[in-house]
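Let's take a friendly look at how charged side chains pair up in this model. Please have the sequence and structure open as you read.

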Amino acid sequence: MTGADAPAGGPPGREPVLLLTGARLADGRLVDVRISGERIQAVGTPGGLGPLPSAAGPAGGTAGTRIDLAGYLLLPAPAEPHAHYDTAFSAALPGPPPDGPPELVRRVTEAALTALAYGATAQRTHVRIGDAHGLGRLEAVLTAARALHGLVELQAVAMPRLLTGRAGADGRAQLREALRLGAAAVGGCPELDPDPVGYVQVLLEAARGADRPVDLHCSGADPGRLARMAGVLAPLRPRVTMGPCDALAPGASTVLANAGVRVVCLPQFGGCAGVERPPGGLPPSVVRELTRARVPLAAGSGALRDLAAPVGRADPLEAAFLLASSGALGPEEAYDAVAGRARAVLGLPPVRVDAGFPAELLAVRGDGLAGVLAGGHSRVVVHRGRVVSRTSAVREFADTVALALPRQPLPED
């Protein structure tokens, strides 16, 4: 079951306090974590952070909330750096997905909440603009983002189809309007434009004028073209991201490393709807090559149950599991790809379970990172200092005479 606590708030100095007790950190320590407002106030030994404030206290402060996380691993919350919510859940529809605002807003909202329940407190979705869609899909995403404010941070990347020549005039106009409406980044697939380098040049000018980052779809199959595109975007680094780079040519990882480009891979399917071709999977060799070249590598989910990926999931731990189980990365590196490095792609500050850092946290039932990636189902999600989602998985077995079978306890408030 999932749910959310009451909204945070209060005058300065009287923010609600959240005390997480008995949690295990990735380094094995058992700790209590005290959160005040939107930041971690203190991390200490179990029982060492003192009592919670009382509403009737001398300062008239806000009463605190205590959550027992015994049996849970406490981690920096993951982020979703590459999704396609405007097409989410469309695979099961009997015909083309309706593009009316209410239906689009509903599906985008459902997709964002699905990812949030898995732990992604910050998310970025790529949204097509122009052609028959106009700006309708982007407007639906922005509407959902405003409605979800306080539960999850949702960013939209505007993706025009064509940008160069006469055929790209409408796309250029739509891109300018998308930025005015509030798109958080500019992107698209330059390989689908007759002039890929010219496409990137248009994006660079738009991004610089609006002070936005660039987040592109590309395969990386042509290292010469990749180098030219990266060269055009050099003035904007490090605010340049490319992905999924699933067809990376030999030597292309060095090009990306020298250009200071971040890469988002999609371990579930390799490719996604953005490149308009069937996903071919992500070879572990590509991940290893990018890692050897020291390219900042994040991981996302990509498509969510649309025609490109009818069984796509929005679980960051699934992406980390696939990176680790393939042998491409160790468990710690794999989790960092969906957490710290994914947040960097979104332009967000780093998170550590330490005093002073943003209270963006995920607690997962399990005794270590490897066990959590292998099957952590029960989760508690903290965004901006408050619990915004809980998922409790209770495992029970049929009664037998011979065995006393385990039942998982639920977290206690």
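**Salt bridges in the predicted model**

Arg106 and Glu110 sit four residues apart in helix H1, so about one helical turn separates them. Helices (H or I, at least four residues) and strands (E, at least two) are DSSP runs, numbered from the N terminus. This is a predicted model, where local features need pLDDT of at least 70 and side-chain atom pairs count only at pLDDT 80 or more, while totals for chains, interfaces and linings use all residues. Residues are numbered from 1 along each chain as its sequence is written, and side-chain values use heavy atoms, leaving out hydrogens and water.

**Within helix H1**
- Arg106 and Glu110 form a salt bridge (a side-chain nitrogen of Lys or Arg within 4 Å of a carboxyl oxygen of Asp or Glu), with their closest N and O atoms 3.1 Å apart.
- Salt bridges link Glu103, Arg106, Arg107 and Glu110 in a network.
- Arg106 is partly exposed at 41% relative accessibility, and Glu110 is partly exposed at 33%; buried means under 20% relative accessible area, exposed over 50%, and partly exposed in between (1.4 Å probe, protein chains only).

**Across the chain**
- Asp86 and Arg137 meet in a salt bridge of 3.2 Å, N to O.
- This pair links distant parts of the chain, 51 residues apart: Asp86 lies in the loop between strand E6 (79-83) and helix H1 (101-118), and Arg137 in helix H2 (residues 136-147).
- Asp86 is buried at 2% relative accessible area, and Arg137 is buried at 7%.

**Another pair and the total**
- Asp27 bridges to Arg29 with the closest N and O atoms 2.9 Å apart.
- Asp27 is exposed at 53%, whereas Arg29 is partly exposed at 45%.
- The count comes to 15 salt bridges.
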